[in-house]
Structures are given as structure tokens and as C-alpha cells.
Amino acid sequence: MIADILRQHNVTIRGQGAQPMLFAHGFGCDQHMWRYVTPAFEPTHRVICFDYLGHGDASLEAYNPERYASLHGYAQDILDICRALDLRQVILVGHSVSSMIGLLACIQEPDRFERLIMVAPSSRYLNDDGYFGGFERDDIDGLLETMDGNFPGWASAMAPVIMSNADRPQLSQELTTSFCKTDLEVARQFARVTFLGDNRRDLPNMPVPALIIQAQDDVIAPVEVGNYLVSHMPHSTLRIIPVMGHCPHLSAPQLTIDAIRDYLTISH
């Protein structure tokens with residue numbers, strides 16, 4: 001069972017330290033996206049990466065649409081990996097939707113986690129009364145409809161928007177390739193769960209301290225979302241970094257490393 005979980009999620013472990021840092025990738029991505037960030041923490045931590053089912057080099061054999069009909073199924077993946085490796089005092093680092101997945105995991109088993117680091121998080125992508133998430137319902141419906149009809153076309157159109165940094169097209173190309181490598185049915189379901197989700201009611205229940213790393217210019221998770229998160233989540237800290245795009249761990253890895261390192265140093 002333990003070996004199955006580690007194999008199915010393509011779990012990799014590096015580093016010389018004792019305290020675990022578990023890195024969780026975002027929608028349509030995989031653990032390879034963390035490659036510019038994780039080496040900075042390997043001298044001091046036990047660095048653990050994985051792929052969600054249907055992403056990267058993870059398997060599909062255990063994928064169950066009912067389990068993954070909500071983000072709780074993905075939170076269970078994180079908890080399964082923590083149990084399989086008997087992890088405690090975990091520093092959980094989640095990108096984008098994995099920030100909310102990490103929040104749910106921390107709420108469910110708070111004793112396993114010491115800190116949650118959220119990179120470009122959003123508690124809700126849809127605008128609502130008194131809340132700016134960045135998207136109207138028609139925007140999301142159109143996005144999902146395009147994804148259903150022409151996923152490669154959606155990927156190639158959306159990746160430059162998500163990544164920004166038009167002067168470095170290789171970043172957008174990497175994201176496009178990663179999207180297209182993701183299993184199509186998994187991607188379609190995960191997209192709906194992600195973009196139609198609402199985790200605002202979960203924020204006050206956050207049991208461990210959290211760092212919110214927000215890019216100053218991110219169309220997917222605008223600064224207003226970061227301000228909302230820090231005002232509704234206890235023991236949270238907001239760090240806005242001077243970068244563009246939704247993937248600062250790829251476009252500005254050193255700034256991302258510095259933000260994490262500064263927070264861990266101060267919080268200890």
C-alpha cells in the first residue's frame with residue numbers, strides 16, 4: 001500500500017535535512033515545475049515532490065472521478081503521502097490551487113503540518129458581492145467550453161496569459177507542453193473543481209501559520225485576492241513580490257526562494 005502510493009504519485013525525495021518540505025504543483029503542472037526552487041532547500045530540509053494522478057509521470061490507475069469531484073480528494077493525496085512517509089512538522093508548499101488543497105489538508109490533520117506556504121493562491125476565482133476574484137461566470141464558462149472542445153488550442157492560448165513574461169516565450173511553451181501532457185479527462189474535471197470552487201469559508205479554520213506569496217501582477221490571482229486571504233486567515237502573512245504572472249517559481253525563482261526563506265527564518 002505504501003509503495004503503491006509513492007509509485008502512483010511519482011514521489012521523489014532529496015535533501016540532507018530532517019524537517020520535511022513537501023511541494024505540491026498546480027493544475028496541469030507537475031513536480032518538475034519546482035526544479036528552480038527546491039535545490040535551495042535541499043541542504044537544510046528533506047525535500048519531497050510528487051505528481052497528482054494524471055499529471056507528469058504519475059499513474060492513472062487509481063484515478064477515481066468521484067474522489068476528485070472536490071479538492072478534498074487532492075488533499076487526501078497529500079495526507080496519504082504524509083502517512084506513507086510518516087511525515088511530521090511538514091512545511092507544505094503549494095502553487096495555485098494546491099494552496100487551497102494544502103489548506104484543506106492542514107485543517108483535516110493539523111498535527112502533521114508546521115507551516116503552509118501558498119504561492120499565487122486564490123480562495124475563489126469568480127467575482128462575488130464584495131469579492132474580486134478576477135473572473136466573471138461567463139469568462140469561466142467560456143474557458144471550460146474551449147477546454148472541452150479544443151484542449152491543445154486552449155492550452156496554447158491560456159499559457160501565455162497565465163505565465164505573462166512575453167519576453168521569455170520559453171516559459172509559456174513549457175506551460176503549454178505541461179498542460180498537454182496532462183490526461184485530458186483529469187484536466188477537464190480538475191479545471192471545473194478549481195475554477196468553480198469556493199474556499200472562502202475554509203480560511204478562518206486554518207490551524208497553522210501561512211505565508212501568502214502573491215505576484216504584483218497576476219491575472220489569475222490578483223493582489224486583491226492576497227489581501228482577502230490575509231484578512232480572513234488567522235496567523236497569515238502576505239508577501240507581494242515584484243513579478244508578473246501566475247508562476248513566480250518558474251519566472252522569478254530567486255525571489256520566490258527569498259520570500260520563503262525570509263519567512264521561515266523570521267517565523268522561527
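Two strands are said to pair if DSSP finds at least two bridges between them. Helices (H or I, at least four residues) and strands (E, at least two) are themselves DSSP runs, numbered from the N terminus. Keep in mind that this is a predicted model, in which local features need pLDDT of at least 70, side-chain atom pairs count only at pLDDT 80 or more, and totals for chains, interfaces and linings use all residues. Residues are numbered from 1 along each chain as its sequence is written, and side-chain values use heavy atoms, with hydrogens and water left out.

Start with the sheet, which is open and mixed, with seven strands in the order β1-β3-β2-β4-β5-β6-β7. Its edges are β1 (12-14) and β7 (236-244); each has a single partner strand, so one side of each is left without a neighbour in the sheet. From one strand to the next, the twist averages 20° (angles run from 0 to 180 degrees between N-to-C directions, and axes are lines fitted to C-alpha atoms, for helices over the stretch in contact).

Now follow the pairings. β1 runs antiparallel to strand β3 (residues 46-49), joined to it by three bridges, and Ile-13 has Ile-48 in β3 as its bridge partner. β2 and β3, by contrast, run parallel and are joined by four bridges; here Phe-23 stands opposite Cys-49 in β3. Further along, strand β5 (residues 113-119) pairs with strand β6 (residues 210-217) in the parallel sense, over four bridges, and Val-119 stands opposite Ile-213 in β6.

Helices pack on this sheet. Helix α3 (residues 97-108) touches β2 (20-24), β4 (90-95) and β5, and its direction makes about 160° with that of β5; contact means heavy atoms within 4.5 Å. Helix α8 (residues 223-232) touches β6 and β7, with its direction at about 160° to that of β6.

What about the aromatic rings? Rings of Phe, Tyr and Trp (its six-membered ring) pair if their centres lie within 6.5 Å, and planes under 30 degrees apart count as stacked, over 60 as edge-to-face and the rest as tilted. By this rule the model has 15 aromatic pairs. One of them is the stacked pair of Tyr-74 and Phe-190, at 4.1 Å centre to centre and 15° between the planes. Tyr-74 lies in helix α2 (residues 71-84) and Phe-190 in helix α7, so the pair ties together parts that are 116 residues apart in sequence.

Finally, look at the spaces. On a 1 Å grid over the protein atoms alone, a cavity is a set of points where a 1.4 Å probe fits but cannot get out, while a pocket is an open set with protein on both sides within 12 Å along at least five of seven lines; lining residues have an atom within 4 Å of a point. Grid points are joined across faces, edges and corners, and a volume is the space filled by probe spheres set on the points.

There are two cavities of 30 Å³ or more. The largest holds about 130 Å³, and among its 15 lining residues Phe-27, Ser-96, Ile-162, Phe-195 and His-246 lie nearest its centre. α5 (151-163), α6 (169-181) and α7 (184-195) each give two or more residues to this lining. The second largest cavity holds about 50 Å³, and its lining includes Leu-71, Met-100 and Arg-124. The largest pocket has a volume of about 160 Å³, with Leu-71, His-72 and Asp-198 among its lining residues.
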